[in-house]
Amino acid sequence: LWRLQRLQLHSMIVVLRALPPASRDFFPQLQKVHDHQRMMREALQTSKLSVLVIEGCIDFVQLMLDVHTLLERLMIQDPLNQRRSGGPLSYQVLMEHLDKLRAECDEASSCVSGVVSLAVPPKLQAPMVAPVMALVTELEVCSASVRARHSHYEAGRSWEDTLEPVDLQEDFATQQITKPFLDLSGANQTKTVVEVWLDEAAIEYEKNEAFKSRARTPAANYDTFVRMGTAVSHFEPVVKFHVLGRDEDQDEEDEPALPPPMCGSPAAAWAELGAVQIEIAASRDDAPLAPEKVWPVLGLEDYELRMMAVCDAQSKFLHPAPPAPPAGKGQPAAPAAAAESPDEQPHDDEVESASASEVRQGRATLEEVVRRSLAALDFVVARRALVSLVFRAYGELDAERAFQHLVMLQSVDVSVRSLEIVETCMPREHPEFVWVRQLKSLQRRWLNAPELPTYVDARTSLMESSPMGDRLFSLATLPPVSELLATHIAPGTLVVTLQLHSNSLYAGAVCTVADASATPKYFVKRVAINEMDVFVRARRLGEINTEIEREMRLAPGFSDAMEEQYAQVCSEIDRLLSPIFFQLELSFWPLSRFVKHDSNPQRMVLLPDSSLAAFPLERLTSVTRMFVDTPAEKISRDLSFHLHVYRVKDLLETVDRSSLADSLPGVSSDKFKMIVDPFAEDSLRQSEPEGSQTMFELLESLEEEKICARGLTGKRWIASPEDFTKVLVESQAVVYLGFGKFLSAMGSGSALAALDLRHLPIMCSVCRCINDTAFRRQTKGDSMKTPALLGVELFYSFSLLATMRGVRALLFTVNPLPIPAAMKVADGISRSMVREGMTLAQALAAVFAQTVDSGQQRLLRPGGEESVEPGEDDEELPLLSFHSRAALITVGLANTGTGAAPPKGKDKGKKK
């Protein structure tokens with residue numbers, strides 16, 4: 001009966017997660033969940049079933065903490081859900097419901113004494129932990145997690161009380177978009193814009209940190225420390241014997257590929273212990289890890305120091321000092337010049353001398369937890385440890401380690417999202433799905449799961465036979481970040497990670513050098529940014545694209561008003577992010593971007609997190625101005641640092657590190673295929689001139705010119721998911737040109753999630769075209785999908801899915817494209833890559849460089865341009881509008897190509 005009631009509770013929580021917070025049924029359903037749990041617990045307490053009380057509490061708390069995480073994300077991403085704008089959610093509301101979880105933990109803790117008295121220590125040769133003690137320790141870990149979440153809510157509520165209420169019900173989008181933003185021009189202002197922005201950021205930062213510093217009292221810290229210390233003491237003999245003890249006798253040559261795995265309750269207990277050690281160190285009187293030291297506010301002095309350093313370097317470059325005369329007898333040698341760079345940060349020596357043992361122990365504990373939990377694919381525990389390392393332990397005190405942990409945190413977030421995609425769309429009978437489920441089940445049921453033969457077999461199979469498993473375990477098997485920068489990234493590459501956490505933008509950057517033994521320059525900075533400003537604009541871009549799709553149902557293009565609104569939102573994001581990019585420019589271009597220097601970065605790899613992935617960062621002015629010539633070739637993006645490294649790992653067997661920035665071969669021109677209009681939905685409108693080609697006619701012309709092999713098109717037969725699978729399996733480069741989204745045309749994400757695409761270096765999805773027929777098919781298909789399946793079709797999730805299946809380089813269409821623009825892009829990329837031997841990035845840059853004589857020619861299909869003569873007042877325009885250029889985003893190694901020798905006299909600016 002208890003198990004049936006537990007299953008009923010699980011189903012009630014599933015219904016709760018599916019309900020929108022703003023619906024009238026959400027909070028009644030939430031109350032029903034708590035009432036059902038309380039009824040079960042009281043019945044078990046009456047029957048003196050203390051073990052079942054503790055097991056039920058642990059299961060309930062873990063499920064409800066996931067619900068709280070979802071609610072907080074929905075509250076941040078959608079301002080209409082916030083209480084101050086008339087919505088149902090606030091940190092105060094979340095705290096009230098979290099108090100019910102604390103009450104459940106307290107009630108379960110009252111049963112511990114009776115359970116522990118029944119535990120009999122096992123008399124075995126190997127040290128073990130009694131199952132009852134393991135259960136009690138797991139309860140302590142859950143209680144610590146609830147207390148940590150409560151302190152986080154307390155800080156959020158204190159910050160929330162300082163915000164003014166806003167009215168977002170009537171004209172929400174207009175109010176948000178017209179909010180004044182800062183510009184770096186500084187025209188007609190008594191105070192420079194950078195100064196104004198820094199002043200506002202300093203005020204916001206001080207508020208946030210003041211609230212966070214008061215979130216948990218020293219007494220609460222020490223209470224958690226004692227509880228976690230007791231929990232760790234229970235697990236320590238078993239963990240050391242089963243994991244550490246066996247490896248101490250091994251030689252370095254026999255060291256396993258994976259570090260000793262640790263997961264579940266032991267790993268969570270160690271993570272909480274390390275986190276509270278860092279918090280105790282930050283709350284001491286000397287405050288060695290105080291927030292203002294770990295992540296100091298971006299102040300005006302930073303801006304001035306960097307400007308002064310650039311000006312001083314320019315002065316020395318233009319007016320070099322005469323060489324100093326040799327020192328004579330009795331004359332002392334000139335002292336060495338002191339370092340003047342503002343980026344030189346104090347390292348651990350300063351912290352070690354001022355801090356107590358909590359700093360050293362906390363850092364070491366958290367780093368060990370990260371290393372060993374990643375070996376067990378326990379990304380939840382690894383993320384908990386990395387959050388403390390990034391936001392509390394290092395920061396600007398040690399820029400190198402802060403950058404390393406920052407990119408590791410991003411890689412862990414990407415891995416968590418990839419496992420969510422597996423749960424959503426991978427077929428249940430697929431071996432990888434079975435292996436992942438088996439690993440999770442063993443981790444949940446067994447204390448020493450990594451030692452079980454079944455666990456080892458599933459982990460080995462996942463590593464050796466799965467493209468996704470190979471990439472997930474790479475976080476534990478790859479060398480440290482500093483070594484990867486010296487061996488897997490081309491010299492002169494500026495790697496930039498951008499992550500949005502808790503109303504702050506964390507930026508980390510490093511520029512690789514040719515000498516692998518030299519230490520590159522690291523940069524980390526934190527700026528205060530309201531997360532709502534970012535999510536509102538991402539939502540607004542989606543609304544604009546929806547309106548554009550409606551206009552293109554009956555017309556070849558869309559209105560200039562939509563183009564202007566899209567550009568306006570992008571300019572606001574540009575101004576929001578420009579201060580951090582301006583700091584990068586001052587830090588890595590010693591003589592400014594206008595002067596050539598050997599230390600100037602030659603290319604940039606952007607690593608935005610999921611909250612920033614929807615924005616065309618590669619097309620923003622603050623980013624493209626760093627590379628004056630061909631920014632489309634020199635700026636790329638990827639999902640995480642470790643995924644970028646993994647794309648390169650196999651290539652290093654045949655390509656030298658210095659050649660990674662050049663054209664990377666990997667595509668055979670005879671295996672270049674296209675999928676064009678798989679449902680035969682394209683047709684010419686009456687208003688289109690004679691001679692205009694349809695998508696099928698474009699494919700025929702490319703096949704006749706031997707640009708691609710025989711492709712898949714709906715004019716020959718209506719494509720099925722099996723046809724898509726056959727083309728993807730048999731090809732080395734695939735270009736999709738069609739209507740709607742790629743996964744929608746393929747049927748669903750299940751077909752793609754089941755494929756091994758490690759043989760497919762390039763995948764181009766030039767889609768999002770629309771007409772009335774395609775719109776009806778897309779709408780009907782979307783109505784039968786769950787929100788989770790629809791989320792997989794979005795840019796970030798789709799690119800992650802394709803990457804985890806083995807694709808090296810991906811071109812994705814983020815925005816709706818007019819049919820003529822999509823046809824010209826697919827035609828230009830195919831011809832440039834196959835006939836001229838360009839890489840994907842070069843082919844895309846060549847398309848961007850093409851021009852037309854008038855705006856009307858943008859809306860003409862290939863073959864119809866000759867029928868329209870330019871007017872006298874028409875001026876030359878780019879082939880693609882800003883909206884269309886922003887729609888085309890490359891992910892991964894975009895410098896992958898066919899390897900064919902380009903012919904002489906190629907013209908990138910040829911008019912179409």
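Two residues are in contact here when heavy atoms of theirs lie within 4.5 Å. With that in hand, let's explore this predicted model.

**Exercise 1.** Work out how helix α1 is oriented relative to helix α3, and which residues meet.

*Solution.* Start with the axes: those of α1 (residues 2–18) and α3 (residues 50–77) come within 11 Å and cross at roughly 5 degrees. Angles under 35 degrees count as roughly parallel, so α1 is roughly parallel to α3. Next, look at the contact itself. From α1 come Trp2, Arg6, Leu9, His10, Ile13, Leu16 and Arg17, while the α3 residues they meet include Leu52, Phe60, Leu63 and Leu70. Finally, sort the residues of this contact by kind: 10 are nonpolar, 2 polar and 5 charged.

**Exercise 2.** Find out how the buried residues of helix α27 are arranged around its axis.

*Solution.* First list them: in α27 (residues 721–730), Asp723, Phe724, Val727 and Leu728 are buried. Looking down the axis, these residues fall within an arc of 130 degrees, so they line one face of the helix. Now turn to the other side, where Glu722 and Lys726 are exposed. Last, ask what the buried residues pack against: their partners include β6 (672–676), β8 (733–739) and α28 (742–746).

**Exercise 3.** Decide whether strand β10 is enclosed or open, and name its partner strands.

*Solution.* Count first: 5 of the 5 residues of β10 (residues 809–813) are buried, so the strand is largely enclosed by the rest of the structure. Then check each face: Ala809, Leu811 and Thr813 are buried on one side, Leu810 and Phe812 on the other. For the partners, β9 runs parallel to β10, joined by 4 bridges, with methionine 763 opposite leucine 810. Strand β13 (residues 888–892) pairs antiparallel with β10 over 5 bridges, and there alanine 809 stands opposite glycine 892.

Note on methods: Residues numbered from 1 in each chain as written. Predicted model: local features only at pLDDT ≥ 70, side-chain atom pairs only at ≥ 80, totals over all residues. Heavy atoms only, no water. Buried < 20%, exposed > 50% of the residue type's maximum accessible area, 1.4 Å probe, protein only. Helix = DSSP H or I, 4+ residues; strand = E, 2+ residues; numbered from the N terminus. Arc of directions from axis to C-beta. Axes fitted to C-alpha atoms, helices over the stretch in contact; angles between N-to-C directions. Parallel < 35°, antiparallel > 145°, perpendicular 65-115°, else oblique. Nonpolar A, V, L, I, M, F, W, Y, C, P; charged D, E, K, R; others polar. Pairing = 2+ DSSP bridges.
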